[in-house]
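Hi,

Here is the structure I promised to pass on. My notes follow below it.

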Amino acid sequence: MDRVKSSMQQVPNPIPKVLSRRAGGANSLEVEKENFERNQAVSINKAINTQEVAVKEKHARTCILGTHHEKGAHTFWLAVNRLPLSSNAVLCWKFCHVFHKLLRDGHPNVIKDSMRHKADLNDMSRMWGHLSEGYGKLCSIYLKLLITKMEFHIKNPRFPGNLQMSNRQLDEAGENDVNNFFQLTVEMFDYLECELNLFLGVFSSLDMSRSVSVTAAGQCRLAPLIQVILDSSHLYDYTVKLLFKLHSCLPADTLQGHRDRFQEQFKKLKSLFYRSSNLQYFKRLIQIPQLPENPPNFLRASALSEHISPVVVIPAEASSPESEHVVETEDLVDTDIPPLTGTGDSKFDDLFGTSAATDPFNFNSQNGMRKDDKDRLIEQLTAELQALKEELESFRLESGRLCQALRGRVNELEAELAEQTHLKQQALGESEFLRAELDDLRRVKEDTEKEQRSLSEIERKAQANEQRYTKLKEKYTELVQSHADLLRKNAEVTRQMTVARAAQDEVENVKKEMQDRLKVAQDSASQQEKAQLEQLQALQAELMSSRTELETLKSTVTSSQQSNEQLGTQLSALVAEKAGLVETVSRKEVELSGLGAELERLQSSLTNERESGVKAAEALQNQLNEKESREQALESELVSLRWASLRAALEEAGKIVQDSLNQLEDPAHISCTSSADYLVSRCQVALDCVERLRSSRDGFVSDNTDVSGLVRAVTQFAHLVGDVIVQGSATSHMVPVEQADALADSVKACGAEALTLLCQLKEQESMGAADCSRLRTALDSVKALGEKLRPRGLELQQGELGDLVEQEMAATSAAVESAAARIEEMLNKSRAVDTGIKMEVNERILASCTDLMQAIRVLVLSSKDLQRDIVESGRGAASMKEFYAKNSRWTEGLISASKAVGWGATMLVDAADQVVQGKGKFEELMVCSHEIAASTAQLVAASKVKAEKGSSNLSRLQQASKGVTQATAGVVASTKSGKSQIEDTETMDFSAMTLTQIKRQEMDAQVLVLELETRLQKERERLGELRKKHYELAGVAEGWGGEEEGTG
């Protein structure tokens, strides 16, 4: 308040205005706020304007002081939002410069207040990014830098806006956590990358062959780089220190990416600092540091002592950018009209009165004279002059606003016109590119046809390889392992051919789709070009009308200036009267002492209000303390309720376990029985539940706010342990006495350990030390006893094994007969429904499948005859069932082979049915044929193991196996020919497709080919794993790798 009083005493002219506002009801704080906002708006408008000159330091400094005065940037953004930043690139560039200064040197709350405008800055950056040169591109890069700076300081609030920190503060920012230091280094790299982009953007926009740093336009672009240099020097220093700290904690290989990125930024920053230091503009304003010749070696810890932090020095005597000899109109002519004190005379008299008794200088009243005509004329002219000035000022502001809006509209229209022209050129270039792509696509089509011809040659070679492979397979059928290897090779070759053929079909389909899309794209491009031309013509017409309106406004402004000159001549005539009025005002300065008394009264009332505010704050603090005490009481009550619920659950769990133990002594329980398999499964579930109970216990100990997880785990634990006890006792009723006693003892020990664990969990002190290992050991012992009691593999009784052989052979014969009948039925249906090529293909495929079924039937009968000979020659005096039981491994292999033959026949019929109906794939039919061939080969190999070499039935079986192989080849051949015949009818027609459609389909085809290749690789790996697993399971079932059995 003293400062306000002194300013009122020093400046006499504003006194009437201040007093008139007080008379209207406003207080001094509102007046001060209004003056502050007005001064800030003037400074912001002077700092951020459309003149291509550097921002004056005094205006920017006023804006910075304003943020510290109001502790934020509300007034700044209130003024900036009125500026047309999106229509003038120079205006936006200077806004970015001033905003960067505020972020660095303004109040810390500037960053928080500016984050709510982040979305607007993002939109503005994208909008200016459409321009490829000039200030538009620079504004886009600068806005991205400012957004990155705000986000960095929001994520890392310990860093001030000017980035000046000590080493201790830098360590505190990372909180001594290597993960935080790692992330902080990445964020600093991103921050420095934005700074370097702006550096490079400014230098690339300047013609460095000329002395651009001494021109006003060049200084306008170079001035913001001072802030960039200050930020970059700190970021470089902190990055070096953080990298040394990271290398002391992490392996060097982990930080290879950090080192590569630092090397790249070091080279750029060093080059930019060197180029900046040679510019005349920076030599007077800032002393730029020079970086070392080579970057620091982070792999050597002692290199940190050699690091010298770069220091940027700003000389105190350096001239600011506004000291340049740039002539401005506002510096030469004072456009502000000084306020006249004469107009406030009446308001002054109304406030202090006009009594002759209290005013010794009122000579007119003392002499009894009235104001003459001259005085009234002066007052009238003064009032009229003031009204004209106000009207002129409003007209000037309105015309300036209209001119500015029209300039912004013209700039927008010119920008839109340039963008439309650019889009038109881009569309023409894209059209030429698409035509070139169409020519390339035609050449690719010719190459594809050549590849198809070569593919047919490869197929012929593949068929020859298959025949050669069949001959080799007949020579090596005596060795089971070699036979399995050959089967895998044959399946691999077949799958590769199938995949190659399917990929070729997919490529042809994709090419057709691409031609259609190319045509659609060409049509849309032509339509878009027409629409752009029409829009361009409309924009040109609107631009001409805007220019006409601008000329009209200019003529209006000229006429207003002429009237202003006339008013100026009248004003000069009244200047002489001003001196007398000033003398009258000076007599009233004595009354200022009364204002001082009023000021003291206001200060006393303010003191009283402060005391009442302190009392209210104390009352609120007391209420807050009471609320905290109530919350603590409720929290303690909640903890006790949690423990009560947990203890109740534990007691109930103990009752469940104890009830299960009591059932062991119940005579009625002796009749209960169970299997060892079920007991082992329940033991495994109980072990998993014990692990969940332990994890829930640990979670509750670390955070006791949530007890529901532990209660659920305890409940499930009690039921599962009780189930293990009951099932263990029931299993002991089915085993010998010694094993039953051991199992019963283990079950009781498990129950006792469970009760002990539940008792430990009841007490808060012993909960953390409760050990689950003893219970887990007891469950493992029960599980081990159950494993010993489980039945072993396929160890069947003698009669069951012999009957199973007969049953499986009979089932295989029945499956073959059923498959043949279904094929005949499908053939009849196809003849009744299908016609033409489809009927011919279906008949050929089904006929080949019928031949294959006949060959399999002959093979099964031959296998039965050979098995009968083997049994007769090898059983001696034993029965047939005893022979099968004695050679159980061979018998199980025979059963497995017969099952595979029956299953393959069923799958072949299903696949043929799907193909005939048009729902299946030809490849599935071929795979089923190969599986049948493999299964029959397995049956032949299993039969040959016990057969004599000169047996006639063995010769017939081998002949039948050859028949099956030939029938399988017939199925594959008929399937391939049918597929090619159907595909030939579906030729692709690309004649109706446009260039854009063909290009798009080509891209889709490339994407699909990559996806299919990836999927093919994954399916190959999956097939390999499936075969490994199948081989392991077959070895376990058939006894591979076990001890050799006797043959007779």
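This is a predicted model: local features need pLDDT of at least 70, side-chain atom pairs count only at pLDDT 80 or more; totals for chains, interfaces and linings use all residues.

Let's start with helix α8 (residues 118-128) and helix α9 (residues 134-155): their axes come within 8 Å and cross at roughly 155 degrees. Axes here are lines fitted to C-alpha atoms, for helices over the stretch in contact, with angles running from 0 to 180 degrees between N-to-C directions. Helices (H or I, at least four residues) and strands (E, at least two) are DSSP runs, numbered from the N terminus. That angle makes α8 and α9 roughly antiparallel (angles over 145 degrees count as such).

Residues are numbered from 1 along each chain as its sequence is written, and side-chain values use heavy atoms, with hydrogens and water left out.

Back to the pair. On the α8 side, Lys-118, Leu-121, Asn-122, Met-124, Ser-125 and Trp-128 meet Gly-136, Lys-137, Cys-139, Ser-140, Leu-143, Lys-144, Ile-147, Met-150 and Glu-151 of α9 (contact means heavy atoms within 4.5 Å). Those residues split into seven nonpolar, four polar and four charged; Ala, Val, Leu, Ile, Met, Phe, Trp, Tyr, Cys and Pro count as nonpolar, Asp, Glu, Lys and Arg as charged, and the others, Gly among them, as polar.

Next, Arg-104, which sits in helix α6 (residues 89-105). Is Arg-104 buried or exposed? Buried, at 7% relative accessibility (buried means under 20% relative accessible area, exposed over 50%, partly exposed in between, with a 1.4 Å probe and protein chains only). Neighbours within four places in sequence aside, Arg-104 is in contact with Lys-149, Gly-161, Asn-162, Gln-227, Leu-230 and Asp-231.

Further along, Val-841 belongs to helix α27 (residues 836-874) and is buried too, with a relative accessible area of 1%. Its C-alpha is 5.1 Å from that of Gly-978, though 137 residues separate Val-841 and Gly-978 in sequence.

As for the whole protein chain, it has 32 helices and zero strands. Of its 1048 residues, 37% are buried. Among contacts between residues at least 6 apart in sequence, 82% join residues at least 24 apart.

Finally, an unreviewed UniProt entry places "coiled-coil region" at residues 371-475, 504-556 and 610-637. In the model, residues 610-637 are 100% helix and 0% strand, with the end C-alpha atoms 41 Å apart.

Cheers

How values were computed. Angles under 35 degrees count as roughly parallel, over 145 as roughly antiparallel, 65 to 115 as roughly perpendicular and the rest as oblique. UniProt positions are given in the numbering used here, feature names are shortened, and annotations may be inferred rather than shown by experiment.
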